Amino acid sequence: YIPVVTVDHKEGGRLAAEVLLASGCKKILHFRSTAEKKSLYRDRHTEFQKIMDERGVETYCYNLDWRRLDIEYYHQVVEEIFEKGIEFDGVFGVDRLAIECMNGLIRQHKKIPEEVKIVSYDGTYITELVEPQISTIVQPIDRMAEESVKNLCELINGKKVKNKKSILIPEFRKGGTTV
């Protein structure tokens, strides 16, 4: 078997939903990849959407083309959202897309977080390089790497890996994009 080190994406989706709900969001723009139908990541979006549905919160799910996840594509996606006139007061998406959306909102003179709240997913360093800093669900990348290297070393040395599947817990890091 191949040991797996992953994150509890269901918990990450729950955290993101709870933060946006606690911030008073009523219409949420939810970015997701079409590739996630077959991936471990789908749990974050399934849980997020389930909570929104249970609370009666309107969401607009934008399905991203997983083959085109680059900066230029993200810019085009955000421009398309604005051209369609989709109204929202909350955003949930990966770090880079959340930042692109925030930049677009700022260009439209929207106030963050007064008018639109944003929660990203991943928690990479880029969320701390922008102003305001992005509120984010942080995947414990360092711990994931440590666990993966430990497992790999054990396999190389002919030992059995203790955990076939290690599931780490994501955490919320508050920035200036939520209240």
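Leu20 is buried, with a relative accessible area of 0%, where buried stands for under 20% relative accessible area, exposed for over 50% and partly exposed for what lies in between, with a 1.4 Å probe and protein chains only. The residue belongs to helix H1, residues 9–22; helices (H or I, at least four residues) and strands (E, at least two) are DSSP runs numbered from the N terminus. Apart from residues up to four places away in sequence, Leu20 touches Cys25, Ile28, Phe48, Gly90, Val91, Phe92, Lys117, Ile118 and Val119, contact meaning heavy atoms within 4.5 Å.

## Basis of the model

This is a predicted model, in which local features need pLDDT of at least 70 and side-chain atom pairs count only at pLDDT 80 or more, while totals for chains, interfaces and linings use all residues. Residues are numbered from 1 along each chain as its sequence is written, and side-chain values use heavy atoms, with hydrogens and water left out.

## Packing of H3 and H4

The axes of helix H3 (residues 71–84) and helix H4 (residues 95–107) come within 9 Å of each other and cross at roughly 45°. H3 and H4 are therefore oblique to each other, since angles under 35 degrees count as roughly parallel, over 145 as roughly antiparallel, 65 to 115 as roughly perpendicular and the rest as oblique. From H3, the contact is made by Ile71, Tyr74, His75, Val78, Glu79 and Phe82, and from H4 by Arg96, Leu97, Glu100, Cys101, Gly104, Leu105 and Arg107. These residues divide into seven nonpolar, two polar and four charged, with Ala, Val, Leu, Ile, Met, Phe, Trp, Tyr, Cys and Pro counted as nonpolar, Asp, Glu, Lys and Arg as charged, and the others, Gly among them, as polar.

## The loop between S5 and S6

Thr127 lies in the loop between strand S5 (117–122) and strand S6 (135–138), and Thr127 is buried, with a relative accessible area of 0%. Leaving aside neighbours within four places in sequence, Thr127 is in contact with Asp95, Ile99, Ser120, Gln133, Ile134, Thr136 and Arg173. Pro132 is also placed in the loop between S5 and S6, and the peptide bond from Glu131 to Pro132 is cis, with omega near 0°.

## Further backbone features

A cis peptide bond with omega of about 5° joins Ile112 and Pro113, and Pro113 is found in the loop between H4 and S5. His109, found in the loop between H4 and S5, has a phi near 65°, a positive value in a residue other than glycine, and at 69% relative accessibility His109 counts as exposed. Asp122, placed in strand S5, has a phi near 130°, again positive in a residue other than glycine, and counts as partly exposed at 22% relative accessibility.

How values were computed: Axes fitted to C-alpha atoms, helices over the stretch in contact; angles between N-to-C directions.
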